[in-house]
Amino acid sequence: LSFQTPDGAIVSPGHWDARFGLRGLALLPWPIELIEVLPGERFVDTSQNALYRRFEHQHLFEATPDCCRYIDAVTFEPAVEPRCEVAKLHASISYA
C-alpha cells in the first residue's frame, strides 16, 4: 500500500533515518518507521530515539465541504523523566 505526493514521489511503509535539531542544538538520529498508509485518510509513523522510548505520529486527513482538514495526533513516552522545562516545552506546543 502506498500513496503519491503532489510532486509524484511514492510513499509506502518502510524505514528512514532522519536527524532532529532545534535552535542550534545538536542533530540527533531520529529513525522513522512508516507503519501504516491509508491514502486520503491517514498515515502513521513511529520512532524510538534518544528523546523518546516511544513516539507515534498519526497524520489524519478529513474532508470538509470546501477543503481538507489535517490533524496531527502524537503519542509519546519520554526516554527519561522530563524535567520541568521539558514538560513546559511539550505542553506549549500547539497548532491552530
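**View 1. The ring pair of Phe61 and Tyr70.** Phe61 counts as partly exposed, at 29% relative accessibility, in what is a predicted model. Its partner in an aromatic pair is Tyr70, and the arrangement of the two rings is tilted, with 5.5 Å from centre to centre and 50° between the planes. The pair is called tilted because an angle under 30 degrees would count as stacked and one over 60 as edge-to-face. Tyr70 is likewise partly exposed, with a relative accessible area of 42%.

**View 2. The ring pair of Tyr52 and Phe76.** By the rule used for ring centres, the count comes to six aromatic pairs. One of these is formed by Tyr52 and Phe76, whose rings lie edge-to-face, 5.3 Å apart from centre to centre and with 70° between their planes. The pair links distant parts of the chain, since Tyr52 belongs to strand β6 (residues 52-63) and Phe76 to strand β7 (residues 68-78), 24 residues apart. Is each of these two residues buried or partly exposed? Tyr52 is buried, with a relative accessible area of 9%, whereas Phe76 counts as partly exposed, at 33% relative accessibility. Ring pairs also join Tyr52 and Phe76 with Trp30 and Phe55 into a cluster.

**View 3. Strands β6 and β7 and the hairpin between them.** Strands β6 and β7 pair in the antiparallel sense, over 11 bridges, and a hairpin of four residues joins β6 to β7. Within this pairing, Arg54 stands opposite Glu77 of β7. Which residue forms a salt bridge with Glu77? The salt-bridge partner is Arg53, and the closest N and O atoms of the two residues are 3.2 Å apart. This pair, too, links distant parts of the chain, with Glu77 in strand β7 and Arg53 in strand β6, 24 residues apart. Glu77 counts as partly exposed at 36% relative accessibility, and Arg53 is partly exposed with a relative accessible area of 44%.

**View 4. Two further salt bridges.** A search of the whole structure finds three salt bridges, among them the one between Arg69 and Glu62, where the closest N and O atoms are 3.0 Å apart. Arg69 is partly exposed at 42% relative accessibility, and Glu62 is partly exposed at 35%. Another salt bridge is made where the side chains of Glu36 and Arg42 meet, at 2.8 Å from N to O. Glu36 has a relative accessibility of 25% and therefore counts as partly exposed, as does Arg42 at 27%.

View 5. Asn49 lies in the loop between β5 (42-47) and β6. With a relative accessible area of 13%, Asn49 is buried, because residues under 20% are counted in that way. The side chain of Asn49 reaches the backbone nitrogen of Leu51 at 2.9 Å. If its neighbours within four places in sequence are left aside, Asn49 is in contact with Pro29, Trp30, Pro31 and Ala79; Trp30 is also a member of the ring cluster shown with Tyr52 and Phe76.

**View 6. Leu34 in strand β4.** Leu34 lies in strand β4 (residues 28-38) and counts as buried, at 6% relative accessibility. Although Leu34 and Val44 are 10 residues apart along the chain, their C-alpha atoms are separated by 5.9 Å.

Methods: Residues numbered from 1 in each chain as written. Predicted model: local features only at pLDDT ≥ 70, side-chain atom pairs only at ≥ 80, totals over all residues. Heavy atoms only, no water. Phe/Tyr/Trp six-rings, centres within 6.5 Å; stacked < 30°, edge-to-face > 60°. Helix = DSSP H or I, 4+ residues; strand = E, 2+ residues; numbered from the N terminus. Buried < 20%, exposed > 50% of the residue type's maximum accessible area, 1.4 Å probe, protein only. Polar contact = N/O pair within 3.5 Å; in protein donor to acceptor, adjacent residues only side chain to side chain. Contact = heavy atoms within 4.5 Å. Pairing = 2+ DSSP bridges. Salt bridge = Lys/Arg side-chain N within 4 Å of Asp/Glu carboxyl O.
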